[in-house]
Amino acid sequence: MKDDTCIFCKLAAGEIPSATIYEDQEFRVLLDLNPATRGHALILPKEHFMNIFEMPEEWAAKAFALAKRMSGKMKEVLGCDGFNIVQNNGAAAGQTVFHFHIHLIPRYEHDGAGI
Ligand code: 5GP
Ligand code: ZN
């Protein structure tokens with residue numbers, strides 16, 4: 001179900017232009033507007049789920065499988081030294097956009113990112 005008031009629904013649907021690095025029928029992966037490090041990307045499902053609790057298990061399984069594949073490819077392309085895969089649920093956990101997303105954060109030696 002799409003939510004007309006949700007910016008990530010619009011980004012995922014391609015209604016707002018974005019720096020997309022991967023897309024299939026169910027997901028879009030795009031660069032974060034305010035990157036923590038070089039290459040910081042977000043996996044967005046094309047369906048609207050507020051958080052992991054609202055998301056069916058099959059969607060969660062596909063999202064995290066994609067995180068596995070994307071992080072491997074990004075490591076190759078970017079030559080990063082490590083990787084944070086982060087997924088926030090609820091304001092108390094630091095979620096600011098209430099459409100499920102997975103952060104893919106390449107890490108570099110001494111990058112100083114406070115994650
Ligand atoms: P959260 O804190 O909800 O886990 O992460 C939200 C992330 O979305 C932040 O890293 C923020 O920079 C990113 N973000 C917010 N609005 C936009 C946007 O319009 N476009 C893109 N590409 N990223 C966004
Ligand atoms: Zn949404």
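Me: Before we get to the sheet, what counts as a strand pair here?

Reply: Two strands pair if DSSP finds at least two bridges between them. In general, strands of a sheet pair through backbone hydrogen bonds, either parallel or antiparallel. Keep in mind that we're looking at a predicted model.

Me: OK, so in which order do the strands of the open sheet sit?

Reply: The five strands run β1-β2-β3-β5-β4, and the pairing is antiparallel. At the edges you'll find β1 (20–23) and β4 (82–86); each has a single partner strand, so one side of each is left without a neighbour in the sheet. Ignoring direction, neighbouring strands are turned by 20° against each other on average.

Me: Which helix packs on this sheet, and which strands does it touch?

Reply: That's helix α2, residues 57–78, and it touches β1, β2, β3, β4 and β5 (102–107). The direction of α2 makes about 20° with that of β5.

Me: Can we zoom in on one pair? How many bridges join β2 and β3?

Reply: Five, in the antiparallel sense, between β2 (residues 27–31) and β3 (residues 41–45). For a landmark, look at F27, which stands opposite P45 in β3.

Me: Stepping back, what pattern does the protein follow along the sequence?

Reply: Read that way, it goes α-β-β-β-α-β-β, with two helices and five strands. The radius of gyration is 14 Å, close to the 13 Å that the globule rule gives for 115 residues, so the protein is as compact as a globular protein of that length. Its C-alpha trace spans about 40 × 30 × 25 Å along the principal axes, and buried residues make up 23% of the 115.

Me: Which residues does A19 contact, leaving aside neighbours within four places in sequence?

Reply: L30 and L31. A19 and L31 are twelve residues apart in sequence, yet their C-alpha atoms are 5.5 Å apart in space.

Me: Last one: how many residues surround ligand 1, and which are the closest?

Reply: There are 13, and the closest are L33, N34, N88, T96 and V97.

How values were computed: Residues are numbered from 1 along each chain as its sequence is written. Chains are lettered from A and ligands numbered from 1 in the order in which they are written. This is a predicted model: local features need pLDDT of at least 70, side-chain atom pairs count only at pLDDT 80 or more; totals for chains, interfaces and linings use all residues. A residue is near a molecule or strand if its C-beta atom, placed from the backbone, lies within 6 Å of it. Helices (H or I, at least four residues) and strands (E, at least two) are DSSP runs, numbered from the N terminus. Axes are lines fitted to C-alpha atoms, for helices over the stretch in contact, and angles run from 0 to 180 degrees between N-to-C directions. Two residues are in contact if their C-beta atoms, placed from the backbone, lie within 7 Å. The radius of gyration is taken over C-alpha atoms; the globule rule is 2.2 Å times the number of residues to the power 0.38. A residue is buried if 20 or more other C-beta atoms lie within 10 Å of its own, exposed if 12 or fewer, and partly exposed in between; C-beta atoms are placed from the backbone.
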